[in-house]
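Trainee: Please take a close look at one part of this model. I would like to go through the aromatic contacts.

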Amino acid sequence: MSLLYSTPGLIAYGGLTLATLVAGYITFTGSGTQFNPGSFLEQTSPYAWAMTGVGLNIGLSVAGAGWGIWITGSSILGGSVRTPRIRTKNLISIIFCEVVGIYGVITAIVFSAKLGASPSLETLYTARNYYTGFSLFWGGLTTGVCNLLCGVAVGISGSNAALADAADPQLFVKILVIEVFSSILGLFGLIVGLLVSGKAGEFS
């Protein structure tokens, strides 16, 4: 089945069609000023952007860790029915998945140190606070998405490692190397998130 007729493809093309119709209606009815992303960005609280980034960071990271544990754990449990010896040493795959969630927790703690106390309305909408809010938002989103994809990658490679170990014990260490490289992807997201938010100061 091609991507066009799959469920995600239909949802994507349906959303694109709807957005095109709405944009065309706004443009051709003379109310094009309603579509103003710059005004939206200026009127939204930078503190809200920062908190959204922290929430996306920890939420997507934990979702990636849970997804990876689900994929790996089901294969370990299924394979250990026929080959009980794989139960213990394949728990390292579960640990790799859990590390992905820890990356999100570490980044959330670093980001929350920049939040401080909520500033008053008179001092909230400043250039420095906007920079901090957008930096924490994009840093959190980057780290969260990287950890989500990293968790899926570790889960799939860990699942295959368990099944390969059940078939041939000599394959475990070789596939574990691939799983380690999958786990490093989350570390890349952590580093990029810290770099993005590195120059952001506390809210004043």
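Mentor: Here is a walk through the aromatic cluster, ring by ring.

This is a predicted model, where local features need pLDDT of at least 70, side-chain atom pairs count only at pLDDT 80 or more, and totals for chains, interfaces and linings use all residues. Residues are numbered from 1 along each chain as its sequence is written, and side-chain values use heavy atoms, with hydrogens and water left out.

Rings of Phe, Tyr and Trp (its six-membered ring) pair if their centres lie within 6.5 Å; planes under 30 degrees apart count as stacked, over 60 as edge-to-face and the rest as tilted. That rule gives 5 aromatic pairs. Take Trp 49 and Phe 137: their ring centres are 4.9 Å apart and their planes stand at 75 degrees, so the pair is edge-to-face. Trp 49 sits in helix H3 (residues 46–82) and Phe 137 in helix H7 (residues 127–167), so the pair ties together parts 88 residues apart in sequence. Helices here are DSSP runs (H or I, at least four residues), numbered from the N terminus.

Now burial. Buried means under 20% relative accessible area, exposed over 50%, partly exposed in between (1.4 Å probe, protein chains only). Phe 137 is buried, at 10% relative accessible area. Phe 137 also pairs edge-to-face with Trp 138, at 5.0 Å centre to centre and 80 degrees between the planes. Trp 138 is partly exposed, at 48%. Trp 49 has 15% and counts as buried.

Put together, one aromatic cluster holds Trp 49, Tyr 125, Tyr 130, Phe 134, Phe 137 and Trp 138.

How values were computed. Helix = DSSP H or I, 4+ residues; strand = E, 2+ residues; numbered from the N terminus.
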